[in-house]
Amino acid sequence: MPIGPQPKGRRGTVEEPYSPLNLRLALAAFGLVVCAVLSILLFRAGWTLPGWLLAAWAVFAVIDIVVVQMRRQARKRADGDRDHSLFE
(Lines give C-alpha, C1' and ligand atoms only; values in the text may rest on other atoms or scores of the structure.)
Protein backbone atom coordinates (compact mmCIF):
# COMPACT_ATOMS: atom_id res chain seq x y z
CA MET A 1 0.00 0.00 0.00
CA PRO A 2 1.55 3.28 -1.01
CA ILE A 3 1.79 5.87 1.75
CA GLY A 4 0.80 9.10 0.08
CA PRO A 5 -1.80 11.78 0.48
CA GLN A 6 -4.32 9.45 -1.18
CA PRO A 7 -3.82 6.07 -2.90
CA LYS A 8 -4.15 6.06 -6.68
CA GLY A 9 -7.47 4.96 -8.09
CA ARG A 10 -9.48 6.07 -5.07
CA ARG A 11 -12.39 8.45 -5.24
CA GLY A 12 -11.83 11.89 -3.89
CA THR A 13 -9.45 14.72 -4.53
CA VAL A 14 -6.93 16.66 -2.51
CA GLU A 15 -9.68 19.18 -1.72
CA GLU A 16 -12.17 16.46 -0.74
CA PRO A 17 -10.25 13.38 0.45
CA TYR A 18 -11.95 10.02 0.75
CA SER A 19 -10.67 9.54 4.31
CA PRO A 20 -10.81 12.24 7.02
CA LEU A 21 -7.29 11.68 8.33
CA ASN A 22 -7.53 13.97 11.36
CA LEU A 23 -10.74 12.30 12.56
CA ARG A 24 -9.23 8.87 11.95
CA LEU A 25 -6.17 9.90 13.98
CA ALA A 26 -8.32 11.12 16.88
CA LEU A 27 -10.38 7.92 16.89
CA ALA A 28 -7.27 5.72 16.74
CA ALA A 29 -5.73 7.60 19.68
CA PHE A 30 -8.95 7.20 21.65
CA GLY A 31 -9.04 3.49 20.82
CA LEU A 32 -5.42 3.10 21.91
CA VAL A 33 -6.06 4.70 25.30
CA VAL A 34 -9.27 2.76 25.94
CA CYS A 35 -7.82 -0.60 24.87
CA ALA A 36 -4.61 -0.11 26.86
CA VAL A 37 -6.42 0.90 30.06
CA LEU A 38 -9.01 -1.87 29.80
CA SER A 39 -6.28 -4.40 28.99
CA ILE A 40 -4.35 -3.46 32.13
CA LEU A 41 -7.52 -3.66 34.23
CA LEU A 42 -8.38 -7.09 32.81
CA PHE A 43 -4.87 -8.40 33.47
CA ARG A 44 -5.10 -7.23 37.09
CA ALA A 45 -8.49 -8.88 37.47
CA GLY A 46 -7.05 -12.19 36.22
CA TRP A 47 -8.83 -12.25 32.86
CA THR A 48 -5.82 -12.91 30.65
CA LEU A 49 -7.47 -13.84 27.33
CA PRO A 50 -9.61 -10.68 27.05
CA GLY A 51 -6.59 -8.71 28.27
CA TRP A 52 -4.45 -10.08 25.45
CA LEU A 53 -7.20 -9.38 22.89
CA LEU A 54 -7.43 -5.76 23.98
CA ALA A 55 -3.64 -5.48 24.00
CA ALA A 56 -3.63 -6.72 20.39
CA TRP A 57 -6.24 -4.09 19.47
CA ALA A 58 -4.05 -1.46 21.12
CA VAL A 59 -1.15 -2.58 18.92
CA PHE A 60 -3.36 -2.26 15.83
CA ALA A 61 -4.34 1.24 16.99
CA VAL A 62 -0.64 2.17 17.20
CA ILE A 63 -0.09 0.85 13.68
CA ASP A 64 -3.08 2.85 12.44
CA ILE A 65 -1.75 5.99 14.13
CA VAL A 66 1.62 5.54 12.40
CA VAL A 67 0.01 5.01 8.98
CA VAL A 68 -2.30 8.01 9.40
CA GLN A 69 0.60 10.21 10.48
CA MET A 70 2.58 9.16 7.40
CA ARG A 71 -0.40 9.99 5.18
CA ARG A 72 -0.89 13.34 6.94
CA GLN A 73 2.77 14.20 6.32
CA ALA A 74 2.42 13.25 2.64
CA ARG A 75 -0.72 15.39 2.41
CA LYS A 76 1.13 18.29 4.04
CA ARG A 77 3.93 18.00 1.48
CA ALA A 78 1.38 17.88 -1.35
CA ASP A 79 -0.83 20.74 -0.07
CA GLY A 80 1.75 22.97 1.52
CA ASP A 81 1.10 24.32 5.00
CA ARG A 82 -2.67 24.56 4.62
CA ASP A 83 -4.52 23.76 7.87
CA HIS A 84 -7.11 21.01 7.87
CA SER A 85 -10.14 20.66 10.10
CA LEU A 86 -10.89 17.53 12.09
CA PHE A 87 -13.05 16.16 9.26
CA GLU A 88 -10.52 16.64 6.43
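How many helices and how many strands does the secondary structure of the protein come to? Colour your view by secondary structure and count: there are two helices and zero strands. Keep in mind, as you look around, that this is a predicted model.

**The whole protein**

Start with everything shown. The protein has 88 residues, and buried residues make up 20% of them.

**The core**

Next, select L21, L25, A28, I65 and V68. These five residues make up the largest nonpolar core. Two elements, α1 and α2 (48–79), each give two or more residues to this core. The largest share, three residues, comes from α1. A general idea to carry with you: in soluble globular proteins, nonpolar side chains tend to be buried together.

**A buried serine**

Move along to S39, which sits in helix α1. Is S39 buried or exposed? Its relative accessible area is 4%, and buried means under 20%, so S39 is buried. To see some of its surroundings, select G51, L54 and A55: S39 is in contact with these residues, leaving aside its neighbours within four places in sequence.

**A nonpolar patch outside**

Now bring the surface back and select F30, V33, V34, V37, L38 and L41. Together they form a nonpolar patch on the surface, with about 530 Å² of accessible area. Click on V34, a member of this patch. V34 lies in helix α1, which covers residues 21–45. With 30% relative accessibility, V34 counts as partly exposed.

**Two rings that meet**

For the last stop, show the side chains of F43 and W52. A pair of aromatic rings is described by the distance of the centres and the angle of the planes. The count for this model is one aromatic pair, and F43 and W52 form it, with 5.1 Å from centre to centre and 80° between the planes. Why is this pair called edge-to-face? Planes over 60 degrees apart count as edge-to-face, so the 80° between F43 and W52 puts them in that class.

Finally, compare how open the two residues are. F43 is partly exposed, with a relative accessible area of 31%, while W52, at 57% relative accessibility, counts as exposed.

Notes. Residues numbered from 1 in each chain as written. Predicted model: local features only at pLDDT ≥ 70, side-chain atom pairs only at ≥ 80, totals over all residues. Heavy atoms only, no water. Phe/Tyr/Trp six-rings, centres within 6.5 Å; stacked < 30°, edge-to-face > 60°. Buried < 20%, exposed > 50% of the residue type's maximum accessible area, 1.4 Å probe, protein only. Patch = residues over 30% accessible without salt bridge, like charges linked within 9 Å, V, L, I, M, F, W, Y side chains within 5 Å. Areas by Shrake-Rupley, 256 points an atom, 1.4 Å probe, with all protein chains shown as cover. Salt bridge = Lys/Arg side-chain N within 4 Å of Asp/Glu carboxyl O. Helix = DSSP H or I, 4+ residues; strand = E, 2+ residues; numbered from the N terminus. Core = buried A, V, L, I, M, F, W, Y, C linked by side-chain atoms within 4.5 Å. Contact = heavy atoms within 4.5 Å.
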